[in-house]
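Reader: Hello! Could you take me through one part of this model at close range, and then show me how other parts are put together?

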Amino acid sequence: MVHDDGRDTDCGNDSDGAEEVPSVFDILVGDVIGDDVFRAVADTRRRFALYYLLEHREATVEELTDVVTGWSFAARAEAAGPTDRDAVATGLTHAHLPLLREAGLVTYEPDGDPDDVVTLAPLSDPVRTLLRWAYEREGGGHEQREGPGGNVE
Amino acid sequence: MTDGEVFADLLGEVEARRREFVVYAADEAEADVVAGFDTRNVTVTHRSLPSGGPPGFVVIRGPDGRFAGSVGIPEVREFLSPPIRRPWDDDWTGGGYRALLAVLDEALFVSFDRRQLLATSREIEDRAWRAGRGTLRVGFQSRASFELQLAFYRRLAADTDLDVHVYGSPDWIRDRPSIEGVTLHEAPEGLAAYWFLAFDGGGEAENACALVAEEWYPDDYRGFWSYDAGTVERIYDALGAVEG
């Protein structure tokens, strides 16, 4: 077994301080996250928008609409057409993006232009932990089909 | 036009209409999921998703740049290696397959094999079967491929009010014994090379659909399918001339 003392501690920088990222259990039952944030992540479409922003930091409303439509339908093994996308577009503009903004999770100038850029706000560690936890559990049907052990014969 | 000219024209037009496939996936290698479609008529872009989450998806944008549809990557993979079923089979679930075909309507495919084309053909036959009326026109490239489907076409003709027309090269269709409810036609040389199906929708334009494919290499087909009533009508006009 080779131990490189210098490198081993590299990834430990975050825990230098006394602050510890709470467990998902603590996040779910405690009061580290506000109700507005819980409400914001309680909806599939808002979560998919956030997951995409976690990867790209920013996206136009146009692209977020494509992503939320394609991804949320694909999670249910469904194809989406233009009418489905129109419904998602309306929901995003009038309900979901404003809610995400009010919860302090995204910033954008809401003037109804599809080219408007939505930017992920700086997120606290508990919010990131919660989103990561939710992300890994999204689209359960596929997970069961494709996950390890799913094809045991 | 009584030869394959109309098919060649349609293929050319479809090829000229560019589409964009945006593949959203954690792994860039997944972009190959759409490799069966022609890069001359399709632009493929990849956008990354965080790893460890639900499956990715493909967004299709039409020639006008507008959103034409989206579909999950697992469904595209399944679509490209489909089980072959009959409309009356208990496990037939044509719905998902149909939605996928609608999303990929008039995208040019270049490397489909027999099995993929059979599955697509099944969808058109299934529509005709469910409509139970109207006209279905089908071209077979060889006697062998027709005989394989014979039982199905007998049943289609016997169980529905469909008007079924089958086209084939004169060298095999001329002497073939007749089939009740199925009209056999000698196809001119240019037409006999194509695998095609066209259903007029049985009085409902939104049910009209067609598939046109040519075998450019053994078991390697290029072509398209369409839910456009105008496209189906053009195929009908060309075939109508055959009947004279």
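Author: Gladly! Not counting residues up to four places away in sequence, B:Ala229 touches B:Ala205 and B:Ala208. Please keep in mind that this is a predicted model. The C-alpha atoms of B:Ala229 and B:Ala205 are separated by 5.8 Å, although the two residues are 24 residues apart along the chain. B:Ala229 belongs to helix H8 of chain B, which covers residues 229-243. With a relative accessible area of 32%, B:Ala229 is partly exposed, because that class lies between the 20% limit for buried and the 50% limit for exposed.

Now to chain A. A:His96 sits in helix H6, residues 82-102, and counts as buried because its relative accessibility is 7%, under the 20% limit. Its side chain makes a polar contact with the side chain of A:Arg46, at 2.9 Å. Leaving aside neighbours within four places in sequence, A:His96 is in contact with A:Asp43, A:Arg45, A:Arg46 and A:Gly91.

Let me finish with a pair of helices in chain A. The axes of H4 (residues 44-56) and H5 (residues 61-74) come within 9 Å and cross at roughly 120 degrees; H4(A) and H5(A) are therefore oblique to each other. H4(A) passes H5(A) in a right-handed crossing. Among the residues making the contact are A:Arg45, A:Phe48 and A:Tyr52 of H4(A), together with A:Leu64, A:Val68 and A:Trp71 of H5(A). The residues of this contact divide into nine nonpolar, two polar and two charged.

Definitions and conventions: Residues numbered from 1 in each chain as written. Chains lettered and ligands numbered in written order. Predicted model: local features only at pLDDT ≥ 70, side-chain atom pairs only at ≥ 80, totals over all residues. Heavy atoms only, no water. Helix = DSSP H or I, 4+ residues; strand = E, 2+ residues; numbered from the N terminus. Buried < 20%, exposed > 50% of the residue type's maximum accessible area, 1.4 Å probe, protein only. Polar contact = N/O pair within 3.5 Å; in protein donor to acceptor, adjacent residues only side chain to side chain. Contact = heavy atoms within 4.5 Å. Axes fitted to C-alpha atoms, helices over the stretch in contact; angles between N-to-C directions. Parallel < 35°, antiparallel > 145°, perpendicular 65-115°, else oblique. Left-handed = near helix turned anticlockwise from the far one by under 90°. Nonpolar A, V, L, I, M, F, W, Y, C, P; charged D, E, K, R; others polar.
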